[in-house]
Amino acid sequence: MREIREECGVFGVYGTRKENVALLTYYGLYALQHRGQESCGIAVNNGKEILLHKDVGLVQEVLTEKIMDSLGTGNMAIGHVRYGTTGNSGRANAQPLVVKHLKGTLSTVHNGNIVNAFQLRHALEMDGAIFHTTSDTEVISYVITNERIKKPEIEDAVLSAMDILEGAYSLILMTENKLLAVRDKHGFRPLCYGVTSDGTYVIASESCALDAVGARFIRDIRPGEIVVFEESGVYSIDDNCGKAEEALCIFEYIYFARPDSVIDGYSVHKARLRAGAFLAKDHPVDADIVVGVPDSGIDGAIGYSCASSIPYGTGFIKNKYVGRTFISPAQKMREELLKIKLNPVRDVVSGKRVILVDDSIVRGTTSARIVRLLRDAGAKEVHLRVTSPPFVNPCYYGTDIDSKDNLIACKYSVNEIARIIGVDSLGYLNVEHLPYIADETGTKKYCTACFTGEYKTDIRNVHKYCFE
């Protein structure tokens with residue numbers, strides 16, 4: 001796909017003794033780098049104060065050895081990797097966000113998008129609030145802080161704030177003595193926690209980040225749940241659980257998450273294999289080889305190959321030192337980066353009828369360039385199979401597609417799209433298969449609004465730059 005800008009990754013650490021929680025967070029963020037390549041940061045609670053460093057760039061660029069040393073030791077830390085879905089890409093909008101208030105300090109990291117942020121911010125500003133960023137995360141912090149002034153404990157404030165905030169949010173909140181993991185009532189975005197061998201608790205957007213720091217997975221945070229980590233132990237507040245229909249974003253399985261993650265009990269890798277198998281059943285074609293577009297198209301290609309008995313081959317080599325192409329804002333530069341990033345293996349595809357598997361088509365421009373790479377490498381035919389249905393609606397819950405204007409499937413038929421991107425045939429995943437790619441029984445509920453238009457909340461003024 002490589003055309004849709006995604007969301008964010010959050011990571012948190014809670015221990016009962018002082019240790020190098022910053023380094024643990026660094027490794028966790030490194031494992032979550034695929035979720036956001038725009039900016040990153042870490043905040044450490046050393047028992048006396050919260051030390052923060054954040055900036056624009058990748059984890060290894062921003063969090064240098066000197067910076068990591070300056071963060072020192074502590075018993076709590078939170079970290080964030082960002083691609084902004086509300087607000088610009090500047091340092092001010094990088095996270096964690098630290099707010100000092102009458103009763104202490106609140107540090108926040110957020111994955112998702114608040115659909116009523118514009119209205120909430122307006123009301124807060126009319127009451128005298130002064131905002132320093134243009135992201136919806138600051139709105140979340142203000143709402144929680146306002147409730148905290150009135151409530152005896154931070155968890156009470158968060159519980160009240162959850163009745164005010166609408167949309168997608170997986171949060172990790174850090175105070176002077178507590179760490180809280182919070183997931184919105186629908187559970188749009190993933191969040192889980194585990195524990196290391198020495199008893200340090202770790203919270204992350206994906207289970208792959210727990211693996212990266214040697215933590216044993218305990219469980220996913222439930223939709224609507226608050227999990228509190230404090231000196232006396234870990235406990236759950238489930239007052240908001242079951243108050244709304246569960247709606248994990250199906251795109252987590254299709255594209256966002258790493259294939260080695262398990263989300264809400266289901267393997268991302270297996271989900272992509274099943275999506276590929278569904279494509280082989282619904283859109284068969286005579287061909288010589290199946291190839292996948294790295295990285296999120298590879299599992300789908302393997303699934304297609306297994307179901308169709310057409311051999312799988314490594315059709316592209318990916319340059320591991322180039323980030324996802326969307327990190328460059330200029331379209332011309334994205335085109336050049338693709339040539340550096342992906343190179344077809346001529347011996348694999350030359351003279352062959354190729355089935356190309358990718359995760360989605362958004363605008364179509366990147367797909368067309370990838371097809372051209374195969375043609376130039378000698379492919380005789382190219383048949384594109386896509387492990388998602390046509391993308392025909394904006395997403396308001398954590399990606400930056402806030403308009404239909406640039407969605408190719410809103411303007412052209414499947415045959416027209418095939419002609420535009422230069423393939424011999426084109427097949428999308430049937431929308432009826434979506435509930436079954438992760439859960440074979442089809443009983444779990446997902447958010448599929450970008451494909452079906454069935455939104456789980458009221459949609460308001462949530463375009464990306466509404467605060468600029």
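Good morning, colleagues. Please bear in mind throughout that the model is predicted.

I begin with the overall division of the chain. Domain 1 covers residues 9-244, and domain 2 covers residues 266-444. The centres of the two domains, taken over C-alpha atoms, are 33 Å apart.

Let me turn to the helices, starting with H1, which spans residues 21-31. How many of the residues of H1 are buried? Eight of the eleven are, so this helix is largely enclosed by the rest of the structure. The buried residues are Val21, Ala22, Leu24, Thr25, Tyr26, Gly28, Leu29 and Ala31.

I shall give both values for each pair.

Helix H4, residues 117-126, packs against H5 with the axes 10 Å apart and at an angle of about 55 degrees. H4 is therefore oblique to H5, since an angle of this kind falls between the roughly parallel range, under 35 degrees, and the roughly perpendicular range, 65 to 115. The crossing of H4 past H5 is left-handed. On the H4 side, the contact involves Ala117, Leu120, Arg121 and Leu124, which meet Asp136, Val139, Tyr142, Val143 and Asn146 of H5. Sorted by class, this contact between H4 and H5 holds six nonpolar residues, one polar residue and two charged residues.

H5, residues 136-150, also meets helix H6, residues 154-161: their axes come within 8 Å and cross at roughly 125 degrees. H5 and H6 are therefore oblique to each other. Here H5 passes H6 in a right-handed crossing. The residues of H5 that take part are Val143, Ile144, Glu147 and Arg148, and their partners in H6 are Ile154, Ala157, Val158, Ser160 and Ala161. By class, the contact of H5 with H6 comprises six nonpolar, one polar and two charged residues.

I now move to the backbone.

Where are cis peptide bonds found? One joins Gln95 and Pro96, with omega at about 10 degrees. Pro96 sits in the loop that connects strand S4, residues 74-82, to strand S5, residues 97-101. Another joins Pro294 and Asp295, with omega at about 0 degrees. Asp295 is placed in the loop between strand S17, residues 289-292, and helix H10, residues 298-308.

For Asp264, phi is near 50 degrees, and for Ser309 phi is about 65 degrees. Asp264 belongs to the loop between strand S15, residues 262-263, and strand S16, residues 266-267. Ser309 lies in the loop between H10 and strand S18, residues 316-318.

Is each of these residues buried or exposed? Asp264 has a relative accessible area of 16%, and because buried means under 20%, this residue counts as buried. Ser309, at 67% relative accessibility, counts as exposed.

That concludes the presentation. Thank you for your attention.

Methods
Residues are numbered from 1 along each chain as its sequence is written. This is a predicted model: local features need pLDDT of at least 70, side-chain atom pairs count only at pLDDT 80 or more; totals for chains, interfaces and linings use all residues. Side-chain values use heavy atoms; hydrogens and water are left out. Domain bounds come from an automatic or database domain assignment. Axes are lines fitted to C-alpha atoms, for helices over the stretch in contact, and angles run from 0 to 180 degrees between N-to-C directions. Helices (H or I, at least four residues) and strands (E, at least two) are DSSP runs, numbered from the N terminus. Angles under 35 degrees count as roughly parallel, over 145 as roughly antiparallel, 65 to 115 as roughly perpendicular and the rest as oblique. A crossing is left-handed if the near helix is turned anticlockwise from the far one by less than a right angle, and right-handed if clockwise. Contact means heavy atoms within 4.5 Å. Ala, Val, Leu, Ile, Met, Phe, Trp, Tyr, Cys and Pro count as nonpolar, Asp, Glu, Lys and Arg as charged, and the others, Gly among them, as polar. Buried means under 20% relative accessible area, exposed over 50%, partly exposed in between (1.4 Å probe, protein chains only).
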